[in-house]
Each structure stands twice: as C-alpha cells, then as structure tokens.
Amino acid sequence: IILLAGAILLFALFAAFLIYVTIKAPKFDTSKLNTSELTVIYDKDNKEITKLGSEKREKVTYEELPQVFVDALVATEDSRFYQHNGFDAPRFLKATVGQLLGHSDAGGASTLSMQVIKNSFTSTVSGGFAGIVRKFTDIYLAVFKLEKKYSKEDIIEFYVNNHYLGNNAYGVEQASLNYFGKSVSDLNLAEASFIAGLFQSPTYYNPYNYPERAEKRRQTVLYLMQRHGY
C-alpha cells in the first residue's frame, strides 16, 4: 500500500510538472524560426558596396543541401531523426542515466527538433530546476508544435541555417564559403563531414587553432556515417 501510494504521488507530481511546463512554455511564434541574412547594399551600377548585419549568414533551402551533408548531419547529431516524433526516448533515457552515473561521454539527449527549439525559443540553461524545465519545454514544443507543423526537411533547413559554426560564420552556407570557398551544394564527403562535426562545438574544433581536434572530429563523423549505414 505504501509503495502504491508513493507511486501515485510521484505520478501526480510528474503530471503537475508537465502541466506547469505547458503553461510556462513560450508562444510558438513561427517567425522566430526564420533567421536573417546580411543586408547587401549596391551602387547605381548594381555593384556590391558592403554588407550590413551582426551575423554573417547566407541562407540555404533543404534542396540546396547535398545528400552527403544531410547523411553526415543526421548520423552525427540525431541518428533516429526520421523515426521519432521530435523526442527520442531511448536516447534520452541513456543520456540521463549516463549523466547521473557521472559519465562525461554519455552524450546529449536533444534531437535535431529539440535543438531547433532551444536555438529559437528557449535557452542554453542546463543546470538545476531551470535546466530540467527548459529540457522538458524543448520536448513539448518539439513534439506538439514543431513536428506537427513542419516536415523533417523543413526542420533540417531551420537547423542548418540558425547555427553558429565558427569564424564569424552563421549557417552551413556561410561556413562552407568561409572554410572551402564554395557553396554547400558543392561539398564532397571530406568537407561535408568536417562541417557536420562543427555543430557540436565550433570553437573547440576550430580548424585554424586546433587542426588536430578538427581532423579527429571529422574522423568521428565518418565513423558514425559508416556505423549508421551511410
């Protein structure tokens, strides 16, 4: 009876917590998903004079992304992206248990959809009660808002355009131009796997300051692509 009463109490507390999360969640304003590009100023002869803006970004559509880059991204960041509804329960449980046991390599629990929500609607707070609320807010908005309204291709497009990828590059197109002098649509396997690896930490894997780290990260991406059948 005591165990049953305890289980009922825990369930009631969890249900109350979920209600709190849905009430406190920010409004799902779709305009926040659209990232801004630099403003380009031309002279009377249609020659570019300068670009204005705080974030150096060239937006791309999903159709402009090469398949090799999409494969690298999914294999590295969210291998079950096409199977889940915005929340990967097995991955979440594995990461949670690993972190509770003190394993620093347990990995993150966020799906691509949850990361889009974090970048556009919530925050990067990860500690304490606020961090728990933020994580469940990400899950709620990813599952019941983002994935209900947009396709998987749309979500990838949001994701690749709103990330900072180091050296004043926002989004994969600007990163591709900065690092390789070419459009993302022209990337080969080695280049695509390098840029896919930057999403985890563009500063830590900065190829100009830490070329060995960048190369090791690229090898990890290639290994994950092979592991997941790409």
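The side chains of N162 and H163 are joined by a polar contact of 3.3 Å, a polar contact being a pair of N or O atoms within 3.5 Å in which, within protein, one atom must be able to donate a hydrogen and the other to accept it, and for which residues adjacent in sequence count only if both atoms are side-chain atoms. The model is a predicted one, in which local features need pLDDT of at least 70 and side-chain atom pairs count only at pLDDT 80 or more, whereas totals for chains, interfaces and linings use all residues. Residues are numbered from 1 along each chain as its sequence is written, and side-chain values use heavy atoms, with hydrogens and water left out.

N162 is placed in the loop between helix 6 (152–161) and helix 7 (172–180), where helices (H or I, at least four residues) and strands (E, at least two) are DSSP runs numbered from the N terminus. With a relative accessible area of 14%, N162 is buried; buried means under 20% relative accessible area, exposed over 50%, and partly exposed in between (1.4 Å probe, protein chains only). Apart from neighbours within four places in sequence, N162 is in contact with T35, R57, V116, N119 and S120, contact meaning heavy atoms within 4.5 Å.

The loop between helix 6 and helix 7 also holds N167 and N168. Phi is positive in both of these non-glycine residues, being near 50° in N167 and near 60° in N168. Most residues other than glycine have a negative phi. N167 is partly exposed, with a relative accessible area of 29%, and N168 is likewise partly exposed, at 40%.

Helix 6 itself is mostly covered, with 7 of its 10 residues buried, namely K152, I155, I156, F158, Y159, V160 and N161. The cover over these buried residues includes helix 2 (67–77), helix 4 (112–120), helix 5 and helix 7. Helix 2 is in turn mostly covered, since 9 of its 11 residues are buried, and these include F69, V70 and D71 as well as T76 and E77.

Helix 5 (residues 128–149) contains K135, which is buried yet has no salt bridge, the nearest side chain of opposite charge being that of D138, 5.4 Å away. A salt bridge is here a side-chain nitrogen of Lys or Arg within 4 Å of a carboxyl oxygen of Asp or Glu; for charge, Lys and Arg count as positive and Asp and Glu as negative, while His and the chain ends are not counted. The side chain of K135 does make a polar contact of 2.9 Å with that of S110, and, neighbours within four places in sequence left aside, K135 is in contact with F92, S110 and M114.

At the surface, L9, L10 and L13 form a nonpolar patch with about 330 Å² of accessible area together. L13 belongs to helix 1 (residues 2–24) and is exposed, with a relative accessible area of 52%.

Over the chain as a whole there are 9 helices and 2 strands, which follow the pattern α-β-β-α-α-α-α-α-α-α-α along the sequence. Buried residues make up 41% of the 230 residues, and among contacts between residues at least 6 apart in sequence, 62% join residues at least 24 apart.

How values were computed: Patch = residues over 30% accessible without salt bridge, like charges linked within 9 Å, V, L, I, M, F, W, Y side chains within 5 Å. Areas by Shrake-Rupley, 256 points an atom, 1.4 Å probe, with all protein chains shown as cover.
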